[in-house]
Amino acid sequence: MELDRSDEEVLAGEFGETRRICMEILVALGKVYGAERLIPVSSVQVAGASYKTIGDAGLEWLQNLDARAVVPAFLNPIGMPRDDWKRMKIDDGFAEKQQEILAAYRRLGISLSCTCTPYYHQLVHYGDHLAWSESSAVSYANSVIGARTNREGGPSALASALIGKTPEFGLHIVKNRVPDLVIEVDDPGATKQWGPAEYGALGYLAGKEAGNRIPCFRAIRPNRDRLKSLGAAMAASGAVALYHVEDITPEARVPFFKKSFTLDQKETITIPVAEVNALFNDIDVNAVAVGCPHLSEDELRTVAGLLTGKKVKKEFFVFASKEMIDEHHDLVGIIEKSGASVYPDTCMVVSPATDTLGSVMTNSGKAFTYLPAMCGVLPRLGTIEECVRVATE
């Protein structure tokens, strides 16, 4: 693997032990995947931020590092709201550890913007090289924006933040971004009425079929919120870090990519609409949660509109980034007037607050996938309208 002079100096320890370790991580990763060089990144999203997922060992590792980020870098969701964790009934011991993790990241120069939707608040452009780690954010950046990032692990993302580079392999290379298979639904006309929940259900099924391959969808026309839901679910049920939608997503409209797709020569998988519909059930639930990934402005506005003049009778969690909440206090006020709770920084998957709920209704295919294994919770999938109805009936 070819390193420039400054890389060699970092690897030799001339810029401190922490940067030497970080360079060692990146070089080792590059060698495993056959990278020929390191390339600069424009931003980094660091995973491993919730105490629920990294524990004491991860906290100790962070506290022993001594360097500062050299590119814009930010966190994925943590295990609780930074300033409102008591309202969420988070244990004091957990909260103390979570605050220590935040302090460690702050000392390393990582922005405490704890969200799985950083693209709403960070400038990311087509063709940008990134080192992002949260699965749904990686999917959105690659697929909907056309930026380029592999799905980084926590240590490699943090190493990229402190070095400013990542190994050039995988989805950073244009030829690796063409589709491996085609996915269709058996009744494309039915998708015209679908919202994010149905696209999340489609993603749940498609991810199981695709695994870590790159699919291209035909004959669907989702908007950005639906693309977000589709990709988040595929990244959870499979390991899809990039997908295309014919004539919709950016690379599927670029002439070079369109020529290289050769879709008629690819394996084609057809997903029946009946299988998508079968994922929606009517089991009783103890709580309702939306915002996985964190809500967009349009989604926040939809929830506020549906809850106007209503009162919730079940615990109703609404998750969005702190930036989104700060920008839309009017919508948050309407939602919370109903008795629902809007929380920043965290979500139903990485917070321990979900673990004791038993059963949760959500409109998220991603959460539908993760809730059983990560929280021990029985999930129910429904549209946002159904979520509000169940929470208020």
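The following legends describe several views of a predicted model of one protein chain.

**Figure 1. Overall fold of the protein chain.** The chain contains 15 helices and 14 strands. Its radius of gyration is 21 Å, close to the 21 Å that the globule rule gives for 393 residues, so the chain is as compact as a globular protein of that length. The C-alpha trace spans about 65 × 55 × 35 Å along its principal axes. Of the 393 residues, 59% count as buried. Among contacts with a separation of 6 or more, 76% join residues 24 or more positions apart.

**Figure 2. The largest nonpolar core.** In soluble globular proteins, nonpolar side chains tend to be buried together. The largest nonpolar core of this model has 60 residues, of which Val 44, Leu 75, Tyr 105, Ile 110 and Leu 158 touch the most other members. When residues up to four places away in sequence are not counted, Leu 158 touches Val 46, Trp 61, Leu 62, Leu 65, Tyr 105, Leu 108 and Ile 110. Another core, of 43 residues, lies apart from the largest one and includes Val 124, Trp 132, Leu 181 and Ala 210.

Figure 3. Rolling a probe the size of a water molecule over the atoms shows where empty space is left. The count comes to one cavity of 30 Å³ or more, and about 90 Å³ of space lies in the largest cavity. Its lining consists of Pro 196, Asp 225, Lys 228, Ser 229, Gly 291, Cys 292, Pro 293, Leu 295, Glu 299, Asn 363 and Ser 364. Four of the lining residues are nonpolar, four are polar and three are charged. Helix α8 (residues 224-237) supplies the largest share of this lining, with three residues.

Terms used
Residues numbered from 1 in each chain as written. Predicted model: local features only at pLDDT ≥ 70, side-chain atom pairs only at ≥ 80, totals over all residues. Heavy atoms only, no water. Core = buried A, V, L, I, M, F, W, Y, C linked by side-chain atoms within 4.5 Å. Buried < 20%, exposed > 50% of the residue type's maximum accessible area, 1.4 Å probe, protein only. Contact = heavy atoms within 4.5 Å. 1 Å grid on protein atoms, 1.4 Å probe; cavity = no way out; pocket = protein on both sides within 12 Å on 5 of 7 lines; lining within 4 Å. Points joined across faces, edges and corners; volume = space filled by probe spheres on them. Helix = DSSP H or I, 4+ residues; strand = E, 2+ residues; numbered from the N terminus. Nonpolar A, V, L, I, M, F, W, Y, C, P; charged D, E, K, R; others polar. Rg over C-alpha atoms; globule rule 2.2 N^0.38 Å.
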